[in-house]
Amino acid sequence: MKKISKLFDKKWVSTVLWILLLIAAWEIGAVVVSITKRSPENILPHLYQIIAAAFSGNKVSSGMTATMVVLTSARATILRALLGFALGTAAGFLLALLMKLSGFCEKMLFPYLMLIQLIPVLGLAPIVLSITGDINKSRIVIAAILSFYPVATNTLAGFKSVDKDKYDLMYTYAAKKHTIYTKVLIPSAIPYFFTGTKIAAPMAITASILVDTLQGDGGMGCMLSQSLKHAMSIYVFWLIVFFSAFIGIFSSYLMNWIENLISPEKRGMRKVRRMKGGN
């Protein structure tokens, strides 16, 4: 029993267990759908059917296979999401810095940031579209709006997390304001900043896909809508669903990898582990 308990303490074991449970639940649902005499291909196909569709050479639209349709549409969506995420992240960091520098700015801006975040994406999209007059620009702007809020709030929390003792030490050395920010505040806020990016990256992708559904021109959301209406193989719909989930999870892990690469705190932890391993 102790060996079994230790086995379940390992993270990968619990992950595999949850995946197996989800697969079992999916397959049970697919069987139930088929029993009700509704075509499982059009409602809830079996996982092996989706995998087969991903590797199938059958053309489903414009001479492209299902996988080619997904990857072609994903390229446009991901590029828009990436640009919006980059703009939103930069704006969020600068805004957090501005609110830290000025308490007046924080009191004036912070409530409106929360208000913007409460507006649903599909409600915000027509407003942004009417302002920009361009569907591609509106996709980027919405991805940026959804990205900058978690980055701004988390970075601001990082600035505020610095202990008073560190301020006192810097003042003792007569450090200038920009030195305090570059040597104490910004390094202390980096873990909080990356916490915000881990939330913002999947949100930017989600926003880009949702806005794609409003108007055609290629993105994953557009293909998702068309496949759901049976304008092409329903397997395109499921492949986009799974691919979108993968991209969202991957983007969060990518932010975690970048944090481990550049964060002073993470680098220090790696050095300590190496020293312990050497001993």
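Guide: Welcome! One definition to begin with: a crossing of two helices is left-handed if the near helix is turned anticlockwise from the far one by less than a right angle, and right-handed if it is turned clockwise. Please also keep in mind that this is a predicted model.

Visitor: Thanks! So is the crossing of α8 and α9 left-handed or right-handed?
Guide: The crossing of α8 and α9 is right-handed. The axes of these two helices come within 11 Å and cross at roughly 160 degrees.

Visitor: Does that make them roughly parallel or roughly antiparallel to each other?
Guide: Roughly antiparallel. Angles over 145 degrees count that way, so α8 and α9 qualify.

Visitor: Which residues in α8 and α9 meet?
Guide: On the α8 side they are K166, Y167, M170 and Y171, and they meet T179, I180, K183, V184, L185 and S188 in α9. Sorted by class, this contact has six nonpolar, two polar and two charged residues.

Visitor: Let me step back. How many helices and strands are in the protein?
Guide: The protein has 12 helices and two strands. Along the sequence the pattern is α-α-α-β-β-α-α-α-α-α-α-α-α-α, so by definition a run of DSSP-assigned residues stands behind each symbol.

Visitor: And how many of the residues count as buried?
Guide: Of the 279 residues, 38% count as buried.

Visitor: What about contacts between residues at least 24 apart in sequence?
Guide: Take the contacts between residues at least 6 apart in sequence: 67% of them join residues at least 24 apart.

Visitor: Now the inside. How many residues are in the largest nonpolar core?
Guide: That core has 28 residues. L113, I142, F159, I180, L185 and V211 have the most contacts inside it. The elements giving two or more residues to it are α4 (66-101), α6 (121-132), α7 (135-160), α8 (164-172) and α9 (177-212).

Visitor: Which element gives the largest share of this core?
Guide: Helix α7 does, with eight residues. As a general point, nonpolar side chains tend to be buried together in soluble globular proteins.

Visitor: What does L185 touch?
Guide: Leaving aside residues up to four places away in sequence, L185 touches K100, F159, V162, Y167 and I180. There is also a second, separate core of 26 residues, which includes L47, M220, F237 and W238.

Visitor: Back to α7. How do the axes of α4 and α7 cross?
Guide: The axes of α4 and α7 come within 6 Å and cross at roughly 35 degrees, and this crossing is right-handed. By class, their contact has 18 nonpolar, seven polar and three charged residues.

Visitor: Which crossing is left-handed, then?
Guide: The crossing of α10 and α11 is left-handed. Helix α10 covers residues 220-228 and helix α11 covers residues 234-262; their axes come within 7 Å and cross at roughly 145 degrees. From α10 the contact takes M220, M223, L224, S227 and L228, and from α11 it takes I234, V236, F237, I240, V241, F243 and S244. This contact has 10 nonpolar, two polar and no charged residues.

Visitor: Last topic: where is Y48?
Guide: Y48 sits in helix α3, residues 47-55. The C-alpha atoms of Y48 and E27 are separated by 9.6 Å, and these two residues are 21 residues apart along the chain.

Visitor: Is Y48 buried or exposed?
Guide: Y48 is exposed, because its relative accessible area is 54% and the cut-off for exposed is over 50%.

Key:
Residues numbered from 1 in each chain as written. Predicted model: local features only at pLDDT ≥ 70, side-chain atom pairs only at ≥ 80, totals over all residues. Heavy atoms only, no water. Core = buried A, V, L, I, M, F, W, Y, C linked by side-chain atoms within 4.5 Å. Buried < 20%, exposed > 50% of the residue type's maximum accessible area, 1.4 Å probe, protein only. Helix = DSSP H or I, 4+ residues; strand = E, 2+ residues; numbered from the N terminus. Contact = heavy atoms within 4.5 Å. Axes fitted to C-alpha atoms, helices over the stretch in contact; angles between N-to-C directions. Parallel < 35°, antiparallel > 145°, perpendicular 65-115°, else oblique. Nonpolar A, V, L, I, M, F, W, Y, C, P; charged D, E, K, R; others polar.
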